[in-house]
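Q: Please take one part of this model and look at it closely. I would like the contacts spelled out residue by residue, in one connected account.

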Amino acid sequence: MGSVGLNFGSATSGAGFDVTSTVAAIVNNLQVVENPWKSEIAALQAKDAAFTKIGTDLSTLTTNLQALTDFQGALSAKQGSSSNTNILTLTNATATATAGSHTITVSQLAQTSSEYSGVVANASDTLSGSLTIQVGSGTAQTITVGSSSNTLATFAAAINAAGIGVAANVITDSTGSRLSLVSGTSGAGGQLTLSGTGLTDATTSAAIGFTVGQSGQDASFNVDGIALTSAGNTVTGAIPGVTFQLLSSSPGTPVQVQIANDNTAVETAVQSFATSYNTVVADIAAQEQNGANGQPQPLFGDTTLAELQQSLASALNSGAPSGGIGSMSQLGLSANQDGTLTLNTSTLDGALNANYGDVVGFLQNSGSFGQNFASVLNQVDNQAPDGTVYLALQQDSQQETALNADITSQNLLISQQQATLTTELNAANTTLTEIPAQLNEVSQIYSAISGYVAPRF
């Protein structure tokens with residue numbers, strides 16, 4: 001801690017001294033004691049930043065591993081193909097689908113029942129009568145023409161508002177307008193039946209009849225020798241986990257449907273796992289050397305780094321085998337001298353084609369490589385309450401809190417001293433500035449007594 005002096009020239013000059021700058025210099029001198037605390041806080045904050053990055057990258061690694069260990073993840077992905085996309089196309093294959101080949105023939109497509117009325121030359125003509133509509137085996141409902149529903153458009157709106165499972169629309173062409181009724185239920189179960197008094201064009205007194213546009217019928221097809229039907233042309237359940245769309249019927253034409261494991265999705269997920277693992281390894285390695293300024297990195301020599309390295313390295317060589325797969329190298333993952341991983345996609349693809357089920361087991365069975373690795377990540381990440389990185393950050397936070405408390409206490413003490421110093425130095429400065437006047441007063445008294453005139457200050 002340095003010393004602070006006062007500079008006020010001659011004591012009899014009356015110039016005094018600068019109280020503000022003097023107090024500021026003393027305060028700065030008192031604050032020097034805080035410098036080691038502030039340096040320690042800066043070092044802890046640098047450690048926090050390094051730990052936070054490692055923790056974030058560990059979280060990414062955990063997410064990428066979950067894509068492999070999750071039963072609904074990349075290993076459950078399926079892809080399918082149709083040998084004739086003019087007849088049938090696949091729209092979805094879920095995790096429950098099993099890889100294999102299926103033969104499908106389509107003899108009949110599903111149809112939705114529809115009816116349409118005779119032509120009404122003028123769409124604004126007034127209607128009369130009623131129409132009873134039944135959808136399949138449902139309850140028949142009668143819609144009666146009323147004052148607010150006595151044109152084609154308003155009568156169609158009344159049918160739609162009744163909610164009986166029919167879509168009513170007015171279709172207009174060069175000949176006039178028609179009322180179109182389409183069942184809301186596909187297949188034979190949605191067959192429309194019309195009855196009642198019927199409709200009449202009251203303007204022209206002409207009866208309005210209805211014609212079947214299309215009868216409702218179920219799709220008929222055969223899957224691997226089993227005759228099946230479907231109310232719609234989108235079929236789910238005929239092949240477990242697979243949804244396909246019937247596009248045309250061709251009774252004598254078999255369509256081959258192939259369901260396969262999605263190797264590409266698995267390879268992408270394994271590569272993401274390796275890449276995120278390498279990022280964590282690089283994070284740790286960067287902390288074990290000097291920075292560009294030649295100074296050690298914030299976590300240089302920190303025991304937490306050694307713990308992380310050991311945990312991750314051991315995780316690479318743990319886990320029970322699954323059939324023909326007993327190590328990550330059989331998945332095409334090899335460890336380099338710097339601790340990073342490299343993926344050979346050809347090796348992985350070969351393992352997937354030859355032992356797909358064993359690959360799944362190696363990553364997802366209890367006690368497997370994948371499950372053990374996930375357990376290690378749960379122990380070392382930045383998640384509460386006991387992740388290694390989380391605990392390191394908590395410890396740093398406690399130290400920073402204590403140091404900041406010391407600085408706050410010191411600043412409070414300095415603030416009190418500053419107030420006292422300001423008061424005392426202002427008083428001293430006032431005394432200094434008043435000396436010339438006091439000397440002159442003494443001189444005047446002396447002159448009055450002695451008759452001697454002393455020089456003035």
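A: Phe-362, Leu-363 and Gln-364 of helix 6 touch Phe-369, Gly-370 and Gln-371 of helix 7. The model is predicted. By class, this contact holds three nonpolar and three polar residues, with no charged residues. Helix 6 covers residues 345-364, and helix 7 covers residues 369-380. Their axes lie 3 Å apart and pack at an angle of about 25°. Angles under 35 degrees count as roughly parallel, so helix 6 is roughly parallel to helix 7.

Two residues of this contact lead further. Phe-362 and Phe-369 belong to one aromatic cluster, together with Phe-273, Tyr-277 and Phe-373. Phe-273 and Phe-373 form a ring pair within the structure. Their ring centres are 5.3 Å apart and their planes stand at 80°. The cut-off for edge-to-face is over 60 degrees, so this pair is edge-to-face. The pair joins distant parts of the chain. Phe-273 sits in helix 4, Phe-373 sits in helix 7, and 100 residues separate them.

Helix 4 is the next element to follow. Helix 4 (residues 263-286) comes within 9 Å of helix 2 (residues 35-69), axis to axis, and the two cross at roughly 160°. That angle makes helix 2 roughly antiparallel to helix 4. The crossing of helix 2 with helix 4 is left-handed. On the helix 2 side, the contact is made by Lys-53, Ile-54, Asp-57, Leu-58, Thr-60, Leu-61, Asn-64, Leu-65, Ala-67 and Leu-68. On the helix 4 side, the residues are Val-266, Ala-269, Val-270, Ser-272, Phe-273, Ser-276, Tyr-277, Thr-279, Val-280 and Asp-283. By class, there are twelve nonpolar, five polar and three charged residues.

Thr-63 lies in helix 2.

From helix 4 come Asn-263, Val-266, Glu-267 and Val-270. From helix 6 come Thr-345, Leu-348, Asp-349, Leu-352, Asn-353 and Tyr-356. The contact of helix 4 with helix 6 counts five nonpolar, three polar and two charged residues.

What follows helix 7? Pro-385 lies in the loop between helix 7 and helix 8 (388-450). The peptide bond from Ala-384 to Pro-385 is cis, with omega near 5°. Most residues other than glycine have a negative phi, and most peptide bonds are trans.

Two residues elsewhere have a positive phi. Ser-205, not a glycine, has a phi of about 65°. Ser-205 is in the loop between strand 9 (192-201) and strand 10 (206-208). At 60% relative accessibility, Ser-205 is exposed. Asp-224 has a phi near 50°. Its place is the loop between strand 12 and strand 13 (226-230). Asp-224 is partly exposed, with a relative accessible area of 43%.

Back to the aromatic rings. The whole structure holds six aromatic pairs. One of them joins Phe-221 and Phe-244, with ring centres 6.1 Å apart and planes at 90°, so this pair too is edge-to-face. Phe-221 lies in strand 12 (residues 219-223) and Phe-244 in strand 15 (residues 242-246), so the pair ties together parts 23 residues apart in sequence. Both residues are buried.

Methods
Residues numbered from 1 in each chain as written. Predicted model: local features only at pLDDT ≥ 70, side-chain atom pairs only at ≥ 80, totals over all residues. Heavy atoms only, no water. Axes fitted to C-alpha atoms, helices over the stretch in contact; angles between N-to-C directions. Helix = DSSP H or I, 4+ residues; strand = E, 2+ residues; numbered from the N terminus. Parallel < 35°, antiparallel > 145°, perpendicular 65-115°, else oblique. Left-handed = near helix turned anticlockwise from the far one by under 90°. Contact = heavy atoms within 4.5 Å. Nonpolar A, V, L, I, M, F, W, Y, C, P; charged D, E, K, R; others polar. Phe/Tyr/Trp six-rings, centres within 6.5 Å; stacked < 30°, edge-to-face > 60°. Buried < 20%, exposed > 50% of the residue type's maximum accessible area, 1.4 Å probe, protein only.
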